[in-house]
Amino acid sequence: MSVREHLLALYRLQKIDTAAQELERGGAVIPERIGEVERSVDALRVDLGHLNAEADAQRAQQRELELQISEETNKHRQWKRRLNDIKSPREYQAMSRELESGERTVRAFEESVLQIMQDLETKQAVIDEKAKVLREKELESNEKVRDLRERAAQIATDVADARAGRHAVIATLPENLVTRYEQVRKQRRGIAVAVVEGGKCGGCNVTLRPQAVVELLRNTDIQTCPLCHRILVPDELLKDGASSSDSASAAT
Ligand SMILES: [Zn+2]
């Protein structure tokens, strides 16, 4: 194969790799998107979890107060019975003062229980509303994640399709040239082949020496850009050789 044919093959290889790379870039953001969707639902779930925990703590507090109320009330009942047997007025007064203070405590506990019940009622309404929103969001996000996964799978198929002709092109090139192509591609963000147009490198836009352009047009050797080191393909070569080779690559 001539240098001219090698250059055309490298140009075709670059087109295949660029197409696959662009598809991959589109697919690369998908895992992050999936993460965003899942995180937004997680935030709602955590929020609801906090509210439920608060409500549970308040219910426990309510039970504790109710227990104390019943214990206190029982105690007071016993005190009242004993009050009738007390003969000393001083002892009677002391006991009834204690009873009164105990009853005040019970009333305070009862007010606390009432307050908790009101809070719980308000909180439960918020919890119910948030749980409803969460269920809706879960359905919505499941659908979104499913769509994104389908898109990722489709892109993987498209990438494979885009790369289908790669091996056939590589088979026509000498191994050292393929190695060079791969090295430059790695160093130059996926672009190893630059088309020279109007004496300028299409990769980095540097103006090439006139002598270099003349040599390039002779197609006697593989030339690289002195600045970006990309493999140079003269646009003239694509003008006369492209129509046949392009249709050939499109057909494969
Ligand atoms: Zn360059």
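Select G203 to start: this glycine is buried, with 22 other C-beta atoms within 10 Å. Here a residue is buried if 20 or more other C-beta atoms lie within 10 Å of its own, exposed if 12 or fewer, and partly exposed in between, with C-beta atoms placed from the backbone. The model is a predicted one, in which local features need pLDDT of at least 70 and side-chain atom pairs count only at pLDDT 80 or more, while totals for chains, interfaces and linings use all residues. Residues are numbered from 1 along each chain as its sequence is written.

**Around G203**

G203 sits in the loop between strand 2 and helix 6. Helices (H or I, at least four residues) and strands (E, at least two) are DSSP runs, numbered from the N terminus. Next, display the contacts of G203, where two residues are in contact if their C-beta atoms, placed from the backbone, lie within 7 Å. Leaving aside neighbours within four places in sequence, these partners are R188, I191, A194, C225, C228 and R230.

**The whole protein**

Seven helices and three strands make up the list of elements in the protein, and along the sequence they follow the pattern α-α-α-α-α-β-β-α-β-α. The radius of gyration is 41 Å, well over the 18 Å that the globule rule gives for 252 residues, so the protein is more spread out than a compact globule. That radius is taken over C-alpha atoms, and the globule rule is 2.2 Å times the number of residues to the power 0.38. Along the principal axes, the C-alpha atoms fill a box of roughly 130 × 35 × 30 Å. Of the 252 residues, 12% count as buried. Among contacts between residues at least 6 apart in sequence, 75% join residues at least 24 apart.

Colour residues 28-163 as domain 1 and residues 174-251 as domain 2; such bounds come from an automatic or database domain assignment. The C-alpha centres of domain 1 and domain 2 lie 69 Å apart.

**Helix 1 against helix 3**

Now select helix 1 (3-28) and helix 3 (residues 89-163). Their axes are 9 Å apart and the helices pack at an angle of about 170°, which makes helix 1 roughly antiparallel to helix 3. Axes are lines fitted to C-alpha atoms, for helices over the stretch in contact, and angles run from 0 to 180 degrees between N-to-C directions. Angles under 35 degrees count as roughly parallel, over 145 as roughly antiparallel, 65 to 115 as roughly perpendicular and the rest as oblique. On the helix 1 side, the contact is made by I16, A19, A20, L23, E24, G26 and G27. On the helix 3 side, A152, I155, A156, D158, V159, A162 and R163 take part.

Stay on helix 1 and pick D17. This residue counts as buried, with 21 C-beta neighbours inside 10 Å. Not counting residues up to four places away in sequence, D17 touches R185 and G190. By contrast, D17 and E110 are 77 Å apart in space, C-alpha to C-alpha, and 93 residues apart in sequence.

**The largest nonpolar core**

A nonpolar core is a set of buried Ala, Val, Leu, Ile, Met, Phe, Trp, Tyr and Cys residues joined through C-beta atoms within 7 Å. Select L10, V193, V196, I231, L232 and V233, which touch the most other members of the 21 residues in the largest such core. Helix 1, helix 5 (175-187), strand 1 (193-197) and strand 3 (231-234) each supply at least two residues, and the largest share, six residues, comes from helix 1.

Centre on V193: beyond four places in sequence, its contacts are L10, Y11, Q14, R230, I231 and V233. Then move to V195, also placed in strand 1. V195 is partly exposed, with 17 other C-beta atoms within 10 Å. Its contacts, again leaving aside neighbours within four places, are G202, V233, D235 and L238.

Finish with N205 and H229. Most residues other than glycine have a negative phi. Phi of N205 is near 70°, and phi of H229 is near 65°. N205 lies in the loop between strand 2 (200-201) and helix 6 (210-218), whereas H229 is found in the loop between helix 6 and strand 3. N205 is exposed, with 11 other C-beta atoms within 10 Å; H229 counts as partly exposed, with 18.
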